[in-house]
Amino acid sequence: MTSRTAEPAAGQAPGAGRRLPAAVWALPPVAVLAAVFLYPLALVVRQSLSLDSGGTSLQPYADVFASSAFREALWTTVWLAVAATAGCIVLGFVLALVIAFVPFPGGKAVARFIDVFLSFPSFLITLALLFVYGTVGMANGLWTDVTGAPSGPFRFLTTPWGVLLAEVTYFTPFVMRPLLAAFSQLDTAQLEVASSLGARPLRIVRRVILPEALPALAAGGALVLVMCLNEFGIVLFTGAKGVTTLPMLVYSKAILESDYPAACVVAVVNIAISVGLYGLYRVVSRRAGA
């Protein structure tokens with residue numbers, strides 16, 4: 001007797017009945033995510049609720065929230081992040097406009113350098129600023145050579161303003177990259193029509209370019225805000241002893257004081273602020289897109 005192989009049903013691809021459920025394919029990435037991120041995060045949260053004497057309590061949170069060091073670090077973190085984000089948005093928008101719409105020799109090379117700049121570590125930019133504006137940097141050295149003064153006037157790098165300058169310098173390309181991508185997709189016919197109708201450059205920027213760039217500007221600004229809230233290397237390498245942000249407070253509590261519950265409390269607060277801001281950005285961007 002000749003055996004006959006059942007033919008697949010009409011419209012059904014061969015082997016379709018043997019496909020694995022979608023949940024099975026999702027298990028490997030979920031497992032990796034749980035092992036790499038969720039499990040360490042759960043350990044941090046558990047440690048933030050642990051007492052030195054044993055047991056679980058909210059007392060570590062009460063102690064940290066009541067300390068003036070935490071309140072000062074929270075305020076410093078927030079105002080530095082907001083100020084740096086505002087500076088990056090303004091500077092990044094202006095520089096992106098120049099690169100995208102003002103023809104000059106080497107414009108494409110500068111645009112490519114922006115991509116390379118994104119791969120630089122933050123402490124490298126801070127070290128470059130120290131070489132220029134540090135106590136024994138080039139600017140102070142030039143000043144002492146010219147005036148004969150024993151020391152130069154540039155001492156702001158160890159202040160909050162030095163941290164702010166370093167953050168604006170480092171994070172501005174993170175705003176410029178999405179802006180340059182948005183400008184490359186802008187219909188130049190709109191600019192030509194506006195110009196032919198007698199619109200001045202500032203009016204063209206305000207009425208034509210800026211509305212098209214707002215989503216990219218919001219995306220870059222939100223990214224910079226979250227990154228500034230969690231920045232550690234810039235504050236550490238500037239040597240600004242009077243500037244304590246939440247990441248620096250985590251370092252101080254964990255490494256210098258060995259107070260791991262307090263360090264975990266500050267870390268949980270920092271994570272909550274970052275995730276909350278990201279969630280707010282998603283809601284706002286979704287409503288703006290609607």
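Let's start with helix H7, which covers residues 160-184 and has 25 residues. At 1.5 Å a residue it should span 36 Å, and its end C-alpha atoms are 36 Å apart, so the two values agree. (The expected span is 1.5 Å times one less than the number of residues.) Along H7 there is a kink of about 35° at Phe171, shortly before the proline Pro173. Such a bend is the angle between two axes, one fitted to the seven residues ending at that position and one to the seven starting there.

Keep in mind that this is a predicted model, where local features need pLDDT of at least 70 and side-chain atom pairs count only at pLDDT 80 or more, while totals for chains, interfaces and linings use all residues. Residues are numbered from 1 along each chain as its sequence is written, and side-chain values use heavy atoms, with hydrogens and water left out.

Now compare helix H1, residues 22-48. Its 27 residues reach 36 Å from the first C-alpha to the last, close to the 39 Å expected at 1.5 Å a residue. H1 also bends, by about 45° at Ala34.

Step back to see the whole chain. Its secondary structure comes to twelve helices and zero strands. Here helices are DSSP runs of H or I with at least four residues, strands are runs of E with at least two, and both are numbered from the N terminus. Of the 290 residues in the chain, 31% are buried; buried means under 20% relative accessible area, exposed means over 50%, and partly exposed lies in between (1.4 Å probe, protein chains only). Among contacts with a separation of 6 or more, 69% join residues 24 or more positions apart, where contact means heavy atoms within 4.5 Å.

Leu91 and Thr172 are 81 residues apart in sequence, yet their C-alpha atoms are 6.9 Å apart in space. Leaving aside neighbours within four places in sequence, Leu91 is in contact with Val168 and Thr172. Its relative accessibility is 37%, so Leu91 counts as partly exposed.

How do helices H5 (residues 122-133) and H6 (residues 138-147) pack? Their axes are 4 Å apart, at an angle of about 5°. The two helices are therefore roughly parallel to each other, a label for angles under 35 degrees; over 145 is roughly antiparallel, 65 to 115 roughly perpendicular, and the rest oblique. Phe131, Val132 and Tyr133 of H5 make the contact with Met138, Ala139 and Asn140 of H6.

With 3% relative accessibility, Asn140 counts as buried. Pro247 is buried, with a relative accessible area of 11%. The residues it touches, not counting those up to four places away in sequence, include Leu229, Phe232 and Asn270. Pro247 and Leu229 are 18 residues apart along the chain, and their C-alpha atoms are separated by 8.2 Å.

Finally, look at Ser258, in the loop between H11 and helix H12 (260-289). Most residues other than glycine have a negative phi. Ser258, however, has a positive phi, near 55°. At 46% relative accessibility, Ser258 counts as partly exposed.

Terms used: Axes fitted to C-alpha atoms, helices over the stretch in contact; angles between N-to-C directions.
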